[in-house]
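Please read them with the structure open.

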Amino acid sequence: MKTSSIIILVVIAAAIGGLLMYSVDFSTYDTISSAKQKQGKYIHLIAKLDKSKPVTYDAIKDPNYLSFFATDSLGGSTKVVYRNSKPAELEQSERVVLKGKMQDGIFECDHILLKCPSKYKDDKEQLEKTVSQQ
Amino acid sequence: MNFEGEHLLPGKLGQFFVLLAFVSSIISGLAYIMSGRQKQPDEERKWISFARIAFGIEVFSILAVFSLIYYICANHLFEYLYAYKHASKELEARYLLACIWEGQEGSFLLWSIWHSVLGCVLIFSAKKREASVMTIINAAQCMLLLMTIGIYIGDVRIGSSAFVLTRNEINGPIFSRPDYLSFIKDGIGLNVLLRNYWMVIHPPVLFLGFASTIVPVGFAYSSLRLKQFGDWIKPALPWALFSGCVLGVGIMMGGKWAYESLSFGGYWAWDPVENASLVPWLILISGLHCMAIYNATGGALKASYLFIILSHFFVLYSTFLTRTGILGDTSVHSFTEAGTAMNILIGMYVLAVPLPMLVLYISNLRKMPAADIQNEEDLTSREFWMFIGSLIFFLSALFIIGLTSMPVYNAIFDLQIAEPADREFAYNKILVLVALLIGMLTAFSQYFKYRHTAKRYLFKKMAWPAGISLVVCILLLIFYPIDYEKKGPGFMVAIYAALYASIFSLVANAAYLQTVLKGKVKAGGGAIAHAGFAMMIAGMLISSGNREVISDNRKTGLFVPFDKDPTGRSSENPMDNLTLLKSVPTQMGRYTVTYVNDSADQNEKTRTYYNLHFQKKDSSSGKSAEEFRLSPDAYRMKDNNLSSNPGTRHYLTHDVFTYVSTISIPNPADDTAQFRVKEMQIGDTTFFSKGYFVLNEMLKNPDNERLHYSANDTAMFADITVHGAGNSRNKAYPGLVFNNGAVQFMNDSVVSQNLYLNLSGMAGEKKFKIGVKESDKAIDFITLKAYIFPYINLVWAGLLVMACGFIVSMTRRLKAANHITFLSVTLVLVALFYMFFLANN
């Protein structure tokens, strides 16, 4: 190979490498209490829907406003606001992954990933429940 | 205990054939290895025919296993857990195959069926490389079958069998009864999200793509074993092209499926599962180009080996990502964890072939001939730029898999890293540059010649395409600008640059076919594939860049005050959901949309279609300029879970795409009001709490602004005018429709008056029973998301062109006759055209 070819290769590789470094703006998984320390920072929460508190969603008033309370395994609790339609399986979910920012004590989230028993066909406990309901 | 009604024979047979297949894969593999060690050609031939027989038994057993699984699912033998989990009685016959590959075991089986088919082809075509290639295939088969074998070693179950019995796997009080089967009325059935015709087509095609990546690896192995480096490239190249074609099409079928039936709001979301299948394709394409370089110039041999081995490795790595449950928190395609023993097996499968291959490759690296020193790579040589292109694809593949593998780093190093806030942008901002570079490279590298190109020739040939694309791009900028401002001007410029590059590539490759090859299509496989790829990228840039949310809540002015939003939402994020009250026309972008009514599916009880009427009025004349109906649908489960499928109106230039995000849940406890039946004659008036209504006339098979029946129907509707509060006047049409002897009541409502009307029949001559119900609770509504995807057809058309390019190249490498090339291109084109443009439209 000519020197020039090698130089071009190295420059391209370096440019791509640099871009990759620049693009990495990873978020983190947090607990509710550590999220409260990081106001305004984009994080992921692994939590559960607090079924003892109300879930507010009125599609007629505003189809883009959902609020509910979430708790995590360490006992933290926060109000969550999701400016989108309510995922249908929210109440049945066993676990939720919430992505967003803590702002003024409210978790403003823009993505909700639900872990629902209905999706877990391969889950033995769930199968036991289903078969007993027949 | 003797259990009643069980059919145990198919299970026993199935288990026997799984074991037989597993054992014969080992025997066949060993016999092929032995054949390679023989000195005498006679002995070698004996070992090979022995290995072939063993492989034949293996193929037969795999087909038998598949047929038996089909049998237990088709006959609803719910004593088998597999049938219980994946089949159900209401499931339509066309989904029977789909429910087989919904499960882990079935999809591994599908994979080994493709290995079997490929193996049979190779036995007849691989000639002196048969033994090596088949050794590799048998090694993979052995691992795949091990995962479906389900035998116990001590307390550990190795693999998971599709023939286990429900009563042995699940604890439940009913299983202590001999007649337990009579309690299992139905199976769980295919996940409603997967009930789509793509579920029947996409997995087999994708798995054929996955399975076929092993063939070039087999050829590479034969050359490493015999130390005849480089002689594998020629026979392996058609296979690599085949793999690239099938895998590429398979991936985009997944995209089309996501687009038309899963409510992700698009065809590509950079979901880890999608990425995992894209990465091997990118590396395979790199490998393909390096192989072509070797074929023409003798260079890039080491890279060819590496990319071919890695592309197969990443196929297996994607299997590892999607099946071990490691992506649980990042992917919407939630796969469950299959248990530690299974995960270890999957891990072994990932490494079984690629690891020894890599070791063999590295240990032979020094012995491989380097490219001819005399023949230095020239900056005006085609191979130099092809290699740069391969490198870019390879690096972008590493970037994608690097970002996608985050959960793996978390698991290994016990970290808490999560994906970036805006996942799509994290990928897009890099890949838009990849699109730019690849567009430019595929545009001009065709015009380069191998080894050296005269500069004058180059400028002469390139000037026109470059100029034309510049003009097209400027025209686009003026008349159809891309409106994607939310990521700033820098990204906008990048989008335009990439768009220019892809248009340039499309024009340049088309021109290349015309001017350089003088229309000799057969030699132009590369140019055709590049043009198709460029078209696809251009389509992606335009359709995503100019995607328009028409269900934007702010534009209707209905629910949101104009000044400051009290809920504090930001103005950058359009609020995609819009609530439509039943029979209240709502402005949505350029359309007036009315949620007319619901209709239930004929076969599937839980599925409901929401019929929407779209109308666009001509602004000057006020006449209806465009009118159509869309019926997005949703499955409503027992516990009110909702799984919705979009309704899409396809035009040549754009798609209007809608899906239901929420529905009103009729709660019988809320609505205690009953229908009061009034007997009315034509012209009679009945009062209700907010006003009165008049029965104007009875309509037979009406065809008016709301009802569309023809003379072939048997439908009767009451034409009623409701005079409600505030001098309002509304029309209502409750009716009866006779359908194959069954009566359907088509109730109607005037939502603004909370009035429900029903036509329940005749009451003597000229008297009609009209049911009246008033309710202040149940307002029927749906919440809708609606988008316009412009020029989405470019994406699918580009894919079709690209697939044709692959096939043209492949048949040329196989030195096929003209009519064979023509026939295979036509066949693939027709099939894909049907699937992508006709089947679901």
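1. Terms come before the strands. Two strands pair if DSSP finds at least two bridges between them. Helices (H or I, at least four residues) and strands (E, at least two) are DSSP runs, numbered from the N terminus. With that in hand: 9 bridges join β13(B) to β24 (residues 781-790) of chain B, and the two run antiparallel. B:His654 has B:Pro790 in β24(B) as its bridge partner.

2. Ground rules. The model is predicted, so local features need pLDDT of at least 70 and side-chain atom pairs count only at pLDDT 80 or more, while totals for chains, interfaces and linings use all residues. Residues are numbered from 1 along each chain as its sequence is written, and chains are lettered from A and ligands numbered from 1 in the order in which they are written.

3. β13(B) has another partner. Strand β12 (residues 647-650) of chain B is joined to β13(B) by 4 bridges, again antiparallel. A hairpin of 3 residues connects β12(B) to β13(B). B:His650 is bridged to B:Asp655 of β13(B).

4. How buried is β13(B)? A residue is buried if 20 or more other C-beta atoms lie within 10 Å of its own, exposed if 12 or fewer, and partly exposed in between; C-beta atoms are placed from the backbone. In β13 (residues 654-663) of chain B, 9 of the 10 residues are buried, so the strand is largely enclosed by the rest of the structure.

5. Chain B also has an open sheet. Its 4 strands follow the order β14-β23-β22-β21, with antiparallel pairing. From one strand to the next the twist averages 30°. Within chain B, β22 (residues 755-762) and β23 (residues 768-774) are antiparallel and joined by 7 bridges. One such pair is B:Met762 with B:Phe768 of β23(B).

6. Cores. A nonpolar core is a set of buried Ala, Val, Leu, Ile, Met, Phe, Trp, Tyr and Cys residues joined through C-beta atoms within 7 Å. The largest has 228 residues, and B:Ala220 and B:Ala538 have the most contacts inside it. Helix α10 (residues 233-261) of chain B gives this core its largest share, 16 residues. A second, separate core has 23 residues, including A:Tyr57, A:Tyr65, A:Val97 and A:Ile112.

7. What does B:Ala538 touch? Two residues are in contact if their C-beta atoms, placed from the backbone, lie within 7 Å. Leaving out residues up to four places away in sequence, B:Ala538 touches B:Leu499, B:Ser502, B:Ile503, B:Leu506 and B:Leu794.

8. First helix crossing. Axes are lines fitted to C-alpha atoms, for helices over the stretch in contact, and angles run from 0 to 180 degrees between N-to-C directions. In chain B, the axes of α9 (residues 214-226) and α12 (residues 301-323) come within 9 Å and cross at roughly 135°. That makes α9(B) oblique to α12(B). Angles under 35 degrees count as roughly parallel, over 145 as roughly antiparallel, 65 to 115 as roughly perpendicular and the rest as oblique. On the α9(B) side, B:Ile214, B:Pro216, B:Val217 and B:Ala220 make the contact; on the α12(B) side, B:Tyr305, B:Ile308, B:Ile309 and B:His312 do.

9. The axes of α5(B) and α8 (residues 197-212) of chain B come within 9 Å and cross at roughly 55°. These helices are therefore oblique to each other. Residues of α5(B) in the contact include B:Trp111, B:Trp114 and B:His115; those of α8(B) include B:Pro203, B:Pro204 and B:Phe207.

10. Positive phi. Most residues other than glycine have a negative phi. A:Asp104 has a positive phi of about 50°. A:Asp104 sits in the loop between β5 (95-103) and β6 (106-115) of chain A. A:Asp104 counts as exposed, with 8 C-beta neighbours inside 10 Å. For B:Lys127, phi is near 50°, also positive. B:Lys127 is in the loop between α5 (104-125) and α6 (130-146) of chain B. B:Lys127 is exposed, with 9 other C-beta atoms within 10 Å.

11. Chain A overall. Chain A has 3 helices and 6 strands. Of its 134 residues, 34% count as buried.
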